[in-house]
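The sequence and the structure are shown here for reference.

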Amino acid sequence: MTVSGLAAGSYVLTAVATDGSGLSSTSAPVNITVNTGSGLPYGLTSNAPVTAFLNMPTTFNGTLPALLSQTGAFSDTTNRIPAGGLIPYQPNTPLWSDGAVKSRFMALPNNGGTLTPDQQISFLPTNSWTFPAGTVFVKNFDLVVDQTNTNTPLRRLETRLLVRDINGAVYGVTYKWRPDNSDAELLSSSLTENILITNATGVSTQAWYYPSPADCLTCHTPAANYVLGVNTRQLNGNLTYPATGNTDNQLRTLNRLGLFNPAFDESAITNFESLSALTNLTASLEQRARSYLDANCAQCHRPGGAGITFDARYDTPLSQQNITNYPAAFSLGVDNACIVKADDVWRSVLLSRINTNAASIKMPPLARSIIDTNAVQVIAGWINSLPGVPALAPPTITPNGGSYFASVNVSLQAPDTNATIYYTLDGTLPTTNSILYSGALNLTGNVTVTANAFETNFYNSIGASAQFLVQPLNFTSEGFDTNNLFELGFAGVTGSNYVLEASTNLINWTPISTNNATTNFFNLLDPDATNFQERFYRVLQQ
């Protein structure tokens, strides 16, 4: 059992055991000493009783409340006032959720008496905590829908509940808020909703994904011990508690409430690790990057998890995480790709995958439609700070591919004036044995241009590629128009002049007309064609 709030001093503890017949025995006394604390106010010093599971079923197979107001999570659902006993918390490094504003609460079973292990968190200073059956986590999601006016109320989107069940696992459910915010309704499956966002340039649309119960279990897995973002390194930070107005370290407050088993001397908190937010400029780039990976990737990327090759957990030393200079299983078409390659953002697949919304590439893959630009900036800065041979940026290909008629001039631009470019025209990766670039290329056929930059004391660039489809000048059709004039269809370059010439012997050619191509496809006429038994045609481009 745990008793909190004792005054400093020495205490003698004895235990009395009584059997069914009424016989009892008393243990030998145990002397304990309670040391004087810091004297700083706690965030909370007491908590109201909480019914295990609130009004939720003990397993997912039970009857789920159809409305959020029926779950017991709020004493006033419309105003979203949490029920008594729900404790607010705030992770140091929140999971990225497309810019949503989130508020979080946890409800641990509490019968109002002395706390016993079945009402406490199994505490570890590292790794994860284990929560008692009947614990319910409540998370609200709101969205800024007018970025031009801070007085515009946030749009309520959803409230998610994660329940620790009687089988040692969890289940999750989503309640979608009604437009009038009177209540939120249970979703049985996932849902995507397009939400209009007013910004400085007009109105954009953001796709918001409401997860299904099955989606919840994609991340809340046995390997991750089910509960995410509620651990020592995430809650080792301050929070202002609305009930008291006091700002306190969250671990210190939870320890004071007697919620940890075992409890710890609060002076030890300074020895515990703490994650850092991406925007915490007092923390190093490495600290912020590794904190981000722990919060956003470690649920899968860990031993036993669905993610392969690397361990994103902050507790694992960086040298053992298989992240830096470790070959990437999915190269994304980049030569010598690594999960993170020191001082080479172009070969760092991790950066590429958080910096895209392509469904088959993006990470994390679930419930994300917006790139976390803060994460991209911090991860890129961290990569560039890692010791290693710096890599050249890839050359610029201008134009960067496309469809053309007859020919196209293509230029290659090196990242700096000291770099040398080698290129190929068959899509293969260039080496220093490939063609040396010395001037603009005139392409007259279909090719894939791939270029690499090389320079002494630098790692060569990744290959930059562009595909060019060059259609030759050619006749596309022939026949008579509605006026019985012989007509030739022709494919050419818009804006160019073309002279149609005719011959009866392929030696002597007679100009018939000069035509300006206003489009790529146009018609050429020979009004005298019917005067000849046979006639040959050619077109000259001026």
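## Aromatic rings

In this predicted model, one aromatic cluster is formed by Tyr89, Phe123, Trp129, Phe131, Phe137, Phe260, Phe264 and Phe272. The count of aromatic pairs comes to 22. Among them is the pair of Tyr89 and Phe137, which is edge-to-face, with 6.4 Å from centre to centre and 85° between the planes. This pair links distant parts of the chain, since Tyr89 belongs to strand S7 (residues 87-89) and Phe137 to strand S10 (residues 136-143), 48 residues apart. Both Tyr89 and Phe137 are buried.

Another pair consists of Phe405 and Phe521, whose ring centres are 5.4 Å apart and whose planes stand at 85°, so the pair is edge-to-face. It too links distant parts of the chain, with Phe405 in strand S20 (residues 402-405) and Phe521 in strand S31 (residues 521-526), 116 residues apart. Phe405 has a relative accessibility of 13% and therefore counts as buried, the cut-off for that class being under 20%.

## The three-stranded sheet

A further open sheet has 3 strands in the order S19-S21-S24, again with antiparallel pairing. Its edge strands are strand S19 (396-398) and strand S24 (441-443), each of which pairs on one side only. Neighbouring strands of this sheet are turned against each other by 25° on average, with direction ignored.

Strand S21 (residues 408-413) pairs with S24 in the antiparallel sense over 3 bridges, and in this pairing Val410 has Leu441 of S24 as its bridge partner, while Asn409 stands opposite Asn442 in S24. S19 and S21 run antiparallel and are likewise joined by 3 bridges, with Gln413 of S21 as the bridge partner of Thr396. In a regular strand, side chains alternate between the two faces of the sheet. For S21, the covered face holds Val408, Val410 and Leu412, whereas Asn409, Ser411 and Gln413 lie on the uncovered face.

In soluble globular proteins, nonpolar side chains tend to be buried together. Here the largest nonpolar core has 30 residues, and those with the most contacts inside it are Leu351, Ile379 and Trp382. At least two residues of this core are supplied by each of helix H4 (285-296), helix H5 (349-354) and helix H6 (373-385), and the largest share, 7 residues, comes from H6. Setting aside residues up to four places away in sequence, Ile379 touches Ala289, Tyr292, Leu350, Leu351 and Ile354.

Leu108 is found in the loop between strand S8 (101-107) and strand S9 (121-122), and it is buried, with a relative accessible area of 3%. Apart from neighbours within four places in sequence, Leu108 is in contact with Val50, Gln119, Ile121, Pro132 and Thr135.

Thr424 belongs to strand S22 (residues 420-424). A polar atom of the Thr424 side chain lies 2.6 Å from the backbone oxygen of Thr428. Not counting residues up to four places away in sequence, Thr424 touches Pro430, Ser434, Thr448, Val449 and Thr450.

How values were computed
Residues numbered from 1 in each chain as written. Predicted model: local features only at pLDDT ≥ 70, side-chain atom pairs only at ≥ 80, totals over all residues. Heavy atoms only, no water. Helix = DSSP H or I, 4+ residues; strand = E, 2+ residues; numbered from the N terminus. Polar contact = N/O pair within 3.5 Å; in protein donor to acceptor, adjacent residues only side chain to side chain. Contact = heavy atoms within 4.5 Å. Core = buried A, V, L, I, M, F, W, Y, C linked by side-chain atoms within 4.5 Å. Buried < 20%, exposed > 50% of the residue type's maximum accessible area, 1.4 Å probe, protein only. Pairing = 2+ DSSP bridges. Axes fitted to C-alpha atoms, helices over the stretch in contact; angles between N-to-C directions. Phe/Tyr/Trp six-rings, centres within 6.5 Å; stacked < 30°, edge-to-face > 60°.
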